[in-house]
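Open your viewer and get ready to pick out helices and strands one after another. We will go from stop to stop, with something to select at each.

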Amino acid sequence: MKHMDPNFRKDTKTEFPQREELKPRKVTTPDGQVIDIEPLQDYFCQEPPKVHQKSYFKIVEDFYNWCRAESLWILAFGTGCGAIEMRPLMTPRFDAYRYGIQWRATPRQANLLMISGYLSVKTLKRAIRTYEQMQGPKYVVGLGSCTINGGMYWDSYNTIKKLEEYLPVDLYIAGCMPRPEALLAGFMELKKKIKAGNAEGANKYAEKFDWYKANQKAVIKDWDMPDYNW
Amino acid sequence: MSIDWPRIGYAALTLFIVINYGMIMTALVRKIGARVSGRYGIRIYQNYIDLVKNIALRSKITHGVMYYLGPVFRLTGGVGLLLFVPTIYGSAMWSNFSFAGDLVLALYFVFFGTLGMALGAAESGHPYSAIGITRGLSQVTVAELPLALAVFAISLQYQTLNITDIVAAQQGGIFNWTLFTNPVATLAALFAFVGTMMRSPFDVVIAPQEIPIGPPTEYHSSYLALMQTNRVLFPIAKTVIYMNLFFGGATNWFEFAIKVFAIYMISVLVGVVHPRFRVEQSITFFLKWGLPVGVLAILLV
Amino acid sequence: MVRAFVTLVFVAILGLAFGRLALDYVPDAALNQTAVHYAELTPPETGAQNVVAAIIVTYRGLDTLGEVTVLFLTAAIVALVLAQTSGPTKGRGSGLLPSGELLQTGTRMLTPLILLFGIYVFVNGHLTPGGGFQGGAILASAALLLLLADPVRRFSHRLLSWVESGSGVFYVLIGVFGLFLAGGFLDNRILPLGDFGSIFSAGAIPLIYALIGLKVGAEFSSILESLEEAEDH
Amino acid sequence: MAEIAMMSGFALILLGIFGALTNRNLLRMIVAFSIASTGVNVVLVSIGYLPGRTAPILDAAVPLESAAAQIVDPVPQALVLTAIVIGLGVTALMLAYAYSLFRHRKSLDISDFTELKW
Amino acid sequence: MVSPILIIAIGLGAAFLLGFVNEDRKGIAFALTLAALAAMSLIALGWTLAFAAGNAQTADILTAGFPPPFAINLRMGPAEAALSLLVAATGFLSAIYMRDALYRHGRRAMAVLLVAIMALTGIVMTRDIFNLFVFFELIVIATGGLVLLSEDRRALAAGFKYLVVAQVISIMLLIGIAFVYHAMGSLNIDDIGPVALGFSGAGLALFLVLVALFLELKPFPANGWALDIYESAHPGFSAIFSAASGSAALFAADKVLATSPAWLPLATAIGIITFIGANILALRQNNDRRLLGYSSVAQIGLLLTIVGQRDLLGDSYLFIAGGVLVAHAIAKAGLFWMSGLVGHRDLKDWAVLRANPVLIFAFATFVAMLVGLPPFPGFYAKWDLAHILMAGDRAWLVALILIGALIEAGYLFRWFGFATKREAPEGFPGFSVNKMGIVFVTLLAGWTSGWIWGDLSANPNVLSMVPVLFALAFLVLEPLPARIKNLIAIAGLVGWFVFRYPAYDPLQLVFAIIILVGGAVIFLASFNWQGRRLGFYPPAMLMYAGLAMLIEAETSFTFFASWEILTLGSYFLILRGKMSEPHALSYIAFSLGGAFAILAGFALAANGTQPFEMAALADVAQTAAPYVFILLAVGFMTKTASIGLHIWLPGAHAEAETDVSPMVSGILLKAGLFGLWVLLMHMGQTQFYGINLTYFLVWIGAISAFLGGLMAIFQEDAKRLLAYSSISQMGYALFSLALMNHLGWLLALMFVINHYVYKSMLFLAVGGVYARTHTKLMYKMGGLITLMPFSFVSVLIGIIAMSGVPPLSGFGGRWVFYNAIMTADMRLPIILIFLSGPIGFLYLFRLIHSIFLGQLKDEHRKLKEAPFWLLVPQMIFVLFLLAFAVVPGLILRRVDAYISTFFPEGGLEWTSGGIISEFGYWNPVAIMLVIGVIFVSVFLLLLWMNHDAQKVKQFNIGFAGERPYRPETTHFAWNFFAPYRKAMGFLVLPVVTTFWNAVTDVLHETADFARKFYTGNGQTYALQALGFVVVLFLIGSGGTP
């Protein structure tokens, strides 16, 4: 740690210029009227995330949780070297399908975000967006030691170390990298957690929204997105 | 106009049967596919789980009115298509609402859901949706052509546009089926069938990685649930039309199940052995192969 | 060169056409019906000895009126054209030397004679060869002589104009009289035909010829003067 | 006689036209047209000529009774007079134009006056 | 009656009298001139009126009191009287017009003018060939003088060139006259006996006379000198030179030709070559006066052609030649006079006329007169001419005349387009009042002549038809506010419908509903325009008048007149669009081409009988029938924009104003369809070499439907897309009509109704969007659904209806279509139709997606819904579509029954439980109900499950971890159907456009090449004149001189 500049990551003083496209601008309408455009306000929904209540009936909630557990749709989003370990899951050898696991290409339809390896700050931004665009209940699984403590990149200038500071992680699968078998085992664990009703990452994210945002903004210095990406 | 309640009951029952049949059958088809490639495959009831899970999602978003209505259109299209076509031959009740219109209605109602879905997906403002839609629409225009020609051919052959009459004319033995009395038309129709089932090689519309599954890229939760329902319902409704027109129809639910499955498998079998076409390739394909067969069909009648 | 050749070819072909006309031309053995009519009926109808004059003034009087108008027009237009033209502004005669005494005196002597001769020619037009045009031209030659002899000399525009217009109007009036008093426009019989062969015969022919003579003379003079004046500006 | 006159008339016309169309000098053109006009007049007169007859003036030499057999056709003679006068008028007009053109443009070459074309 | 000789005497006398007037007393001189010209005009007018009233007999005026041929005689007949009036009146008006110039040049110039007019009347009246020569020479000399009135210094050179050529001509003429005299023994024209066509002796002499007279008419190509005069002379004089001199010279030629009918073919040949040649050359002209010169030459050529046909024309000769002549003279004089109002000489400078709307109206009038459109004399003349020539087996001549006329229309209307559309020069000083007054007088004369010719014509007078008068009344109403005019227009349309309602048969009724009631509904949108909206209502109402008359037309004449009127009206209407100048031009070019085909078709069908009942088309002789069919079909198909003849449509419809687009698309196109309908009704079974001609129509319809749709899907411009879609829809209609069976016709009728509704609706919706976004490019819009919900709904309903998706009315069309093709003989074209159905779906989706869905743009965020009045008709259409979807029988039943009179077989059975055909059935109510119930149920289900959905904004999309930055780059709309273009793009290569471009290019290039011929060298001109004589001589004498 001694070689690290303590202010490097948590520097909040330096003002980074906002991206041109997101700056407020003046636009002439076809009628010649000049109007103000506030891109972040006009083009993005500014609502904060809500905490969603569980179903009123426990039995229903349990049934739902069982279904959620048995129908894990993973967002096809690879961050680090772990992405390569996820592919074999679909092969006849591992055949993740039989556990109700599928890959979905769009965050809207996926409910499991696998952070498959080290997460650079740049990718973190995308990961946050993607996570926020998924519909709850949604789960985050960190893959490999890099997501746990930075792993071999612990003193990198550009990767984050603890994923749970930025996203509500439900489960870490250790290893560098974890093998597909480990992944499968991890999924089973996740299922259990879901079925038990403990995988409430989305609600946690909503509850501790400010904390997460502060952490996120601390590392992402050119924060140029709405607080919550609907 | 008096409402024929029993008919509505039968319609609901038909719907129920077909949806469940479709849920199971599509899962079965996937399972067969998995087994062919040496996997265990999904559970036979996986479709139900996915459906419930999607309904059970807690947070939902909407992009606007048309976005909201898109899946409604879609499912209405599927349900309507099913109910406008006589399902079981020989039964007045299982003919559902086919009194409202003939073959032409069925052919054109196919577009109802497509249109609504396209509109809904487009309102999400997602370029991938739009790209997917252009692909889908581009492809379907040409893919439907051989079917239109085949339908024209067989309606000329049977001198009627009434589906029930067409089925009636095919009764009395397997060789009375259009498949055998007019194999060219059937072949033409099968081109269209394969082309519109959204399976490989004609599934670039929903290319999962390039344009994350195309038109429905923004759909989730119950929207997706409705669409999933439609996804099991609609192909079967379409298959029913093919069955009625070319494969002698079905006189009972068992025959229905068998025939639909068999016909459905055609597209699956074609799909598993063919890589994906680009859109212009599929258009060219249908013009090069589907169209001549269709033309031959109407010339031979 | 090409143009000259093409012109040559065209002219040659035109020559062929003319040649064909000429080759096909057979002189009449006798006068045609029109000419016979003129030959036989000119004296009784018009009282003119000179058949050509009768034709010009009476039978084809409208042509002649047109002819006079041509000259009238020409005079007017030449004046117009030249009025538009700004020549060297050196004053009258544009620096031409005045002619010598001999010439001037000769001119003075000759002019009345010429005028007289001109008048003679048009007054006798219905009797002998000649007529208004010829006479008028002779009158104008006097004017030409004067101008040549003394480039600085100018005639009265007003006079020329009055003579020109007056004779023209009178000519037309005579024509209109014919309409009311005799058989038609320009009928010479508004005046008595008189004795065949005498100077006061042939109805209005001498009168008209006189008017034509005056008019032509005035017009020619006016044209000549306009041309001369063009040098003045 | 008449034929010779007519032929020479035609020749004059052709010469005149050729001259007018090949000489670019305005004055030469005018002169050439004068020649052509003269040719026309000659042809005109020659048409009315009947061999062996006399001028159409009915004096003592040509009594009225035999006039029709003695005189030449008077009509062309009348026409030619008109033609001459008209030719004169046009020539005068052209001369005036030529003068004016020269004054304006300092040129007498017809090919210099082509600003109006196409 | 005053003796006509006084016309000459007064002119001459006054000219001489002017000599007495002091050079400085210009006012007196001018007054004298005017008085003389007025007197001349009045005498001519007196005679004309007397002839018109039948109080006068043709009079021979003897000069010198002797009978012809010994003395010169003049003749005053009806033609002479009218021409003298024309000449004298032109002179009178020109004199007023040229007042300033005349003052500047003094009494001499006035005298020259008087002599010129006098000489022209002399040419008209004289019966002596040498006298004719004298008058001609007077004209030559006077022209030489009057050219100088121009302020253009170049006129001097032009005058000299003119004199040079005049010399050559006079040599020919004089030699000719001399030898004619020699041959005939007389100078009287009446004595020039019939001279056989030959090139020796008398024949050659007459040839020289004729060729000289023809040269006076400035025949193509030996006419450079005349054009230089036209270009440089004072416009007042050019008016005389064109209107009066041309007419007089023509009459002279006519007089001489009348004596020897054997020579008529020569006149025809020279005339038609001149007509076409001069018109082609005019195409490349940018100088207004030179263009008018070419046009004058062309018109005189046409007249010479007509003169050449006088043997065939018989009694109608005067009517026809007179009609063309009067139209030409009035219009050309008017245009030359107008050119004096325009400060600069480029055609585009005529834009300055926009300062005064009446002048634009006058311009339009003159152009229409020249082209021969109703209600002007040329129209009646053209009609009769075509009929007589066709009946006389001279179809080739009709074809040539019509081609020439089309070219002429091309450049005239292009010019008119310049005047109305191009930038007007700045610092415009204003118009001279007396010059403008003269133009207005001419304008009045033009309309009067139209009325007179209509009255003289054996056919009905267009100007006494109520709808036309109603439309013209709007000219008077122009000062009123637009909304009041709009109200009157609507009242007029509806009133006429109510008034005529009992007389319509069901077919007419459907068209009448669309045209009149539908027109009124579209007019509701016009309430959106405030101010006076000059120039909108007269053409619009003219179009409606034409349409209203068209559907009631019983004779071919009324039909054709209505056709021309609606074409003219719609042209002006289309031209109003901001960028529509080139498109309006191609519209009018194609429309007139089509109209000419129709004219030829009718003429061929009538075979001389007039009036020709439309119903008699069925009885056309076997030999002519296929040609009649083809001509008429081509004519009608230009209006329906069938493929090959379609290139005018996209631009014309797309660039028109918002409320004009639905009029010209939703309503006007139906005129072509109506024509086809009538054609097929009467001649549906016409065979050509054993093939039923409707087969071709089926193919053309199918190809149009297919390619029109295919082109539509590649458009970026919303209105263009809709326009191409119209091509496709009209193709459908043509296809179904040509199927020639019961349901085919019913289908065509449904297309007529449906196309009107949804095309009007879509055009209005797009127009409403355009009104807010100021762009028609779809990719520049997007996401407007929330801002313009009503517009969206109408587009949505329009799209569902149009693409044939149940439950809306479009499906009914598809259903009938399937039933119709079941009994059709043709199968292959149906493939194209099958393909075009889904293609229609493609472009419609593109329309709604690119505009209303997708990403909203920065500059559109604050847009308002489309203007109220644009929405009103749309909502009416929406309601109608919904109603029509449920109860199609309301209209269709009656028509179905009516069609049974033509095709008893294959009708529909209308029961309470649905509509039953031979092959299938369809229950609109049940469909609507079932779909409605399912839809509502599913919707409620979704609402129950997803009622708490969070509304997000447009950039909240899953964008592969990224996020959009700008709506422009996120809206997928440009080149929307790129894959389709890759696969099918080769089918929409602009082959047809290239073809028509090549045609016009060839014409233009020819013109450009040929005009180099006019080097501007007077000698060359003279050489050309000589060459003209020589070549004619060589050709005439068979190459063996």
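Start by selecting H22(E) and H27(E): here Ala540(E), Met543(E), Leu547(E), Leu550(E) and Ile551(E) of H22(E) meet Met663(E), Ile667(E), Leu668(E), Ala671(E) and Phe674(E) of H27(E). Two residues count as in contact if their C-beta atoms, placed from the backbone, lie within 7 Å. By class, this contact has ten nonpolar, no polar and no charged residues. (Ala, Val, Leu, Ile, Met, Phe, Trp, Tyr, Cys and Pro count as nonpolar, Asp, Glu, Lys and Arg as charged, and the others, Gly among them, as polar.)

You are looking at a predicted model, in which local features need pLDDT of at least 70 and side-chain atom pairs count only at pLDDT 80 or more, while totals for chains, interfaces and linings use all residues. For your selections, residues are numbered from 1 along each chain as its sequence is written, and chains are lettered from A and ligands numbered from 1 in the order in which they are written.

Stay with the pair: H22(E) covers residues 537–552 and H27(E) residues 660–683, and they pack at an angle of about 30° with axes 10 Å apart. Helices (H or I, at least four residues) and strands (E, at least two) are DSSP runs, numbered from the N terminus. Axes are lines fitted to C-alpha atoms, for helices over the stretch in contact, and angles run from 0 to 180 degrees between N-to-C directions. The angle makes H22(E) roughly parallel to H27(E); the cut-offs are under 35 degrees for roughly parallel and over 145 for roughly antiparallel, with 65 to 115 roughly perpendicular and the rest oblique.

On H19(E), show Pro467(E), Val468(E), Phe470(E), Ala471(E), Phe474(E) and Leu475(E); their contacts on H22(E) include Tyr537(E), Met541(E) and Ala548(E). This contact has 13 nonpolar, no polar and no charged residues.

Next, select S5, S6 and S7 of chain E, an open sheet in the order S5-S6-S7 with antiparallel pairing. Two strands pair if DSSP finds at least two bridges between them. The edge strands are S5 (909–911) and S7 (921–922), each pairing on one side only. S5(E) and S6(E), residues 914–916, share three bridges, and Glu909(E) stands opposite Ile916(E).

Bring in chain B. Which chains share the most contacts? Of the six pairs of chains in contact, the answer is B and E, with 64 residues of chain E in contact with 68 of chain B. Among the elements of chain E that supply at least two residues to this side are S7, H33 (828–852) and H36 (924–946). That side of chain E has 43 nonpolar, 16 polar and five charged residues. Zoom in on S1 (residues 61–62) of chain B, which pairs with S8(E) in the parallel sense over two bridges; Ile61(B) has Gln950(E) as its bridge partner.

Finish at chain C, where 54 residues are in contact with 51 residues of chain E. H4(C) gives the most to that side of chain C, with 16 residues. The residues there divide into 26 nonpolar, 18 polar and ten charged.
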